[in-house]
Amino acid sequence: SLSIEKKIRYSRPPRLPQIGEAGQLRLRQSRVLLLGVGGLGSPAALYLAAAGVGTLGLADPDTVTLHNLQRQILFREENVGQSKISSATAALLSLNSATQIIPHPAGLTPENAFDLFSAYDLVLDGTDNFPTRYLANDAAHLAHRPLVHGSIFQFTGQVSLFHTASGGPCYRCLFPQMPDPASVPTCEQAGVFGALCGTIGSLMAMEAIKHLTGAGETLQGRLLTLDLLAAQTRTLRLPRNPACPTCGGNSSITGIDSANYHYAGCTTPVSSNAPFSMENPPLEISIEQARDWLASDQPPLLLDVREDDELAICKIAQAVHIPMDDVPARLAELPRDRTILVQCHHGRRSMRVTQFLREKGFLRATNLAGGIDRWAEKVEPGMARY
């Protein structure tokens, strides 16, 4: 039973007839894994720790940057440059010292996914990229674990709970095949308000609490969508898809294969030592290769395809600037007899431009893996990062 101190601390939730002291005890005995402690993971983690969840696992390989503070409310200005896991751990323990925090600094990978999910009762996916989202979905199905899904785009968001072990659908029932990650704008490109992250993250925490305590009706089999700019919500029925590649009757995904979660320029690091021809470069090169090439006697044309406001923050000295959306109309400005090295913030937009240029006959176009952010990390440490 709860101690006197715990009865005082958690005196409000047990008064709810759907929770009671038994529900509060179930929270204390629960183990929840959070994939990402960013915009969605921050509010979810805070509310789960405050609610008395006994163990929280934090899987996130990133460090805190200045632009995170606008929406990732676990962090403070003094945390910039620190690992997200260490900063999040300190914040959560200062809120509830009885919560056990287990760090997973490698994040979620195809190699650790099944074992990682098997160690927890429930998983919250607060990640912001398709490869990890699909990996989480498949691992949750194979490990028979419920998965709380949340995602955002500009002023809209969606939440659901996927639990195939209890007969519910999975994320692939809704979106069977992973799209090219570069085909959908990220928050970096499209923008986002922190309050939306707080709303969706809080709803994710509530779904976890309902599932763990048995209170109310979860969003299993339903997708809740919110448009906060129009102040509208909708709940869509989400049936299980018998042809789903993960949970369907003849599923093709019976294990974790890293090849199912790979897209060029998004998931696989480029080797800095791999040899390449300057006359016939690969689709993508590493920061180290680009640094040496730009300093050579025959440097490529460095094409920066970021937006004007990004350019005002930082810029590689010899770069020529053409925003991504303007490239098709300005092809005449680009040389066909010279290699073009395309660069953006993280390498996703520039990969799309590189592929487009090759389709238009610029066969020596190549992408800068990791973009200017990795350049700042590896080549110019004093450069401003965002």
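**Nonpolar cores**

I started with the largest nonpolar core of this predicted model. I found 38 residues in this core, and those touching the most other members are Val32, Leu48, Leu56, Leu58, Leu74, Leu92 and Leu124. I then looked up which elements supply two or more residues to the core: the helices are α3 (41-51), α4 (84-95) and α9, and the strands are β1 (31-35), β2 (55-59), β4 (122-125), β6 (156-162) and β7 (222-227). Helix α9 gives the largest share, eight residues.

I took Leu74 for a contact list, leaving out neighbours within four places in sequence. Leu74 is in contact with Val37, Ser42, Ala45, Leu46, Asn79, Ala88, Ala91 and Leu92.

**Thr213**

I looked up Thr213 next and found this residue in helix α9.

**Surface patch at Phe193**

I looked for nonpolar surface and noted a patch of about 330 Å². Phe155, Phe193 and Leu229 make this patch. I located Phe193 in the loop between α8 (187-190) and α9 (194-213). Phe193 has a relative accessible area of 52%, and exposed means over 50%, so I list Phe193 as exposed.

**Salt bridges**

How many salt bridges does a search of the whole structure find? The search gives nine. I wrote down three of them, including the accessibility of the partners.

- Arg291 and Asp292 form a salt bridge, with 3.1 Å between the closest N and O atoms. I list Arg291 as partly exposed because its relative accessibility is 34%. Asp292 is also partly exposed, at 47%.
- Asp304 and Arg306 meet through their side chains in a salt bridge of 2.8 Å, N to O. I found both Asp304 and Arg306 buried.
- Arg330 and Glu333 meet through their side chains in a salt bridge of 2.9 Å, N to O. Arg330 has a relative accessible area of 27% and is partly exposed. Glu333 is partly exposed too, with 48% relative accessibility.

**Helix α10**

I went through helix α10 (residues 287-294) for buried positions and found Ile287, Gln289, Ala290, Trp293 and Leu294. Why do I say that the buried residues of α10 line one face of the helix? I viewed α10 down its axis: the buried residues fall within an arc of 160°, so they line one face. As a reminder to myself, an α-helix has 3.6 residues a turn, so residues three or four places apart point the same way.

I then asked what the buried residues of α10 pack against. My list has the strands β9 (284-285), β10 (301-304), β12 (340-343) and β13 (365-368), together with helix α13 (371-378).

Methods:
Residues are numbered from 1 along each chain as its sequence is written. This is a predicted model: local features need pLDDT of at least 70, side-chain atom pairs count only at pLDDT 80 or more; totals for chains, interfaces and linings use all residues. Side-chain values use heavy atoms; hydrogens and water are left out. Patches are made of residues with over 30% relative accessible area and no salt bridge: like charges are joined within 9 Å, nonpolar side chains (Val, Leu, Ile, Met, Phe, Trp, Tyr) within 5 Å. Accessible areas come from the Shrake-Rupley method with a 1.4 Å probe; for residues, only the protein chains shown count as cover. A salt bridge is a side-chain nitrogen of Lys or Arg within 4 Å of a carboxyl oxygen of Asp or Glu. Helices (H or I, at least four residues) and strands (E, at least two) are DSSP runs, numbered from the N terminus. Buried means under 20% relative accessible area, exposed over 50%, partly exposed in between (1.4 Å probe, protein chains only). A nonpolar core is a set of buried Ala, Val, Leu, Ile, Met, Phe, Trp, Tyr and Cys residues joined through side-chain atoms within 4.5 Å. Contact means heavy atoms within 4.5 Å. The arc is that of the directions from the helix axis to the C-beta atoms.
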